[in-house]
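This briefing is intended for a reader meeting the structure for the first time. Please keep the sequence and the 3D view at hand while reading.

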Amino acid sequence: MKAFISVDIEGITGIVSFSQCGRPDGQHYDFCFARRMLTHDVNAAIRGLRAAGASEVVVKDSHATCKNLLVDELEPGTELISGFGSGKDGMMDGIDASFDASLLVGYHGMAGATSSMMDHALVGGLHRFWINGELAGEIAVSAAVAGAYGVSTVLVTSDRVACDEATDCIPGIQTYRTKDGFGRFMGRLKHPSETGPAIELAAKQALESAQSIKPYVIEGPVTMRAEFRTVEEADLPSQMENLTRLDAYTLEWTRPNFMSAHRAALSVFNMSMHGRRSGN
């Protein structure tokens, strides 16, 4: 069996703020600790998948510039997709129809999810995001990308609110809670000695039950809407064809299927980053 793991960082063991888990620069003083905890959770999931019979595990580093995991610290035999800039499937780059299951490790709640730690919407600068009129976050988007390839998403690890979000979105999915948020930057954390074995067991059980979980599929046509925090973030992507600017902050587009809408979203997000820097 083949398993795919998409990895974010906000929902992993021991992390409570962006200052810890942003990226490797002077503003994120505890980034080395965050990388260590990220590797801890991912390796636990890999061990669980192998205990359930996975012969191949591919890990997609999906946080920020996607250079958080160190390949030499992963479980031997694991393949890592690292780096940023040339993919077509966003946080799920590397998945295809040959995989038997996908897992979302360390994900977070959608923007505005009450008491979800470090909640946000897909990319910096994005305030809220909708799919077919329903608020959505990275859990739904990543699961839908997997579903478009016919692959079931079988496990999410995160805080309590994001785990609830996953079960509301994907029937039958298993979850494991690494922490309980008191607010966006404060929570009650489980010790790594507890989360490691528990994630390993959850991954094993999730893969063993993969055939009972249907792929999460969003049928077309698909309409996506993105509301940015600043006007300039919407300015540049508003010039794209077949896209409507609803107001100064909000863009909307419709495509015949989920994957074409998602790839348009990636273009919108990348262009918004250039807009954010336009006043520098």
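The points below cover pockets, helix packing, backbone geometry and a few individual residues.

The structure is a predicted model. Its largest pocket holds about 1300 Å³ of space, and the second largest pocket has a volume of about 170 Å³. Helices α2 and α5 cross at roughly 35 degrees, and a cis peptide bond is found between G220 and P221.

**The largest pocket**

- Rolling a probe the size of a water molecule over the atoms shows where empty space is left.
- In the largest pocket, that space amounts to about 1300 Å³.
- The lining of the largest pocket is made up of 47 residues. Those nearest the centre are A64, F84, L122, V123 and M273.
- Helices α3 (138-148) and α7 (258-276) each contribute at least two residues to this lining. Of the elements involved, α7 gives the most, with 8 residues.
- By class, the lining of the largest pocket comprises 15 nonpolar, 19 polar and 13 charged residues.

**The second largest pocket**

- The volume of the second largest pocket is about 170 Å³.
- Its lining consists of M110, I131, E134, L135, A136, G137, A140, E165, D168, C169, Y216 and I218.
- Strand β6 (134-135) and helix α4 (160-169) each supply at least two of the lining residues. The largest share, 3 residues, comes from α4.
- The lining of the second largest pocket divides into 8 nonpolar, 1 polar and 3 charged residues.

**Packing of helices α2 and α5**

- Two packed helices are described by the angle between their axes and the distance between the axes.
- For α2 (residues 31-51) and α5 (residues 192-208), the axes come within 7 Å and the angle is roughly 35 degrees.
- The crossing of α2 and α5 is right-handed.
- On the α2 side, the contact is formed by M37, H40, D41, A44, A45, R47, G48, L49 and A51. These residues meet P192, T195, G196, I199, E200, A203, K204 and L207 of α5.
- Sorted by class, the residues in this contact are 9 nonpolar, 4 polar and 4 charged.

**Backbone geometry**

- Most residues other than glycine have a negative phi, and most peptide bonds are trans.
- The peptide bond joining G220 and P221 is cis, with omega at about -5 degrees. P221 lies in the loop between α5 and β10 (222-228).
- L122, although not a glycine, has a positive phi of about 70 degrees. The loop between β4 (101-105) and β5 (126-131) contains L122, and L122 is also among the residues nearest the centre of the largest pocket.
- N242 is not a glycine either, and it has a positive phi of about 60 degrees. Its place is in the loop between α6 (231-235) and β11 (244-245).
- Is N242 buried or exposed? N242 counts as exposed because its relative accessibility is 63%, and the cut-off for exposed residues is over 50%.

- T39 belongs to helix α2. With a relative accessible area of 6%, T39 is buried, since buried means under 20%.
- Leaving out residues up to four places away in sequence, T39 touches L69, E73 and L74.
- F33 is also found in helix α2. Its relative accessible area is 23%, so F33 is partly exposed.
- Which residues does F33 touch, not counting those up to four places away in sequence? They are G14, I15 and Q20.
- F33 and D168 are separated by 135 residues in sequence and by 32 Å in space, C-alpha to C-alpha. D168 is one of the residues that line the second largest pocket.
- V231 is located in helix α6. V231 has a relative accessible area of 31% and is therefore partly exposed.
- Apart from its neighbours within four places in sequence, V231 is in contact with R245, A248 and Y249.
- The C-alpha atoms of V231 and S272 are 9.7 Å apart in space, while the two residues are 41 residues apart in sequence.

Technical notes
Residues numbered from 1 in each chain as written. Predicted model: local features only at pLDDT ≥ 70, side-chain atom pairs only at ≥ 80, totals over all residues. Heavy atoms only, no water. 1 Å grid on protein atoms, 1.4 Å probe; cavity = no way out; pocket = protein on both sides within 12 Å on 5 of 7 lines; lining within 4 Å. Points joined across faces, edges and corners; volume = space filled by probe spheres on them. Helix = DSSP H or I, 4+ residues; strand = E, 2+ residues; numbered from the N terminus. Nonpolar A, V, L, I, M, F, W, Y, C, P; charged D, E, K, R; others polar. Axes fitted to C-alpha atoms, helices over the stretch in contact; angles between N-to-C directions. Left-handed = near helix turned anticlockwise from the far one by under 90°. Contact = heavy atoms within 4.5 Å. Buried < 20%, exposed > 50% of the residue type's maximum accessible area, 1.4 Å probe, protein only.
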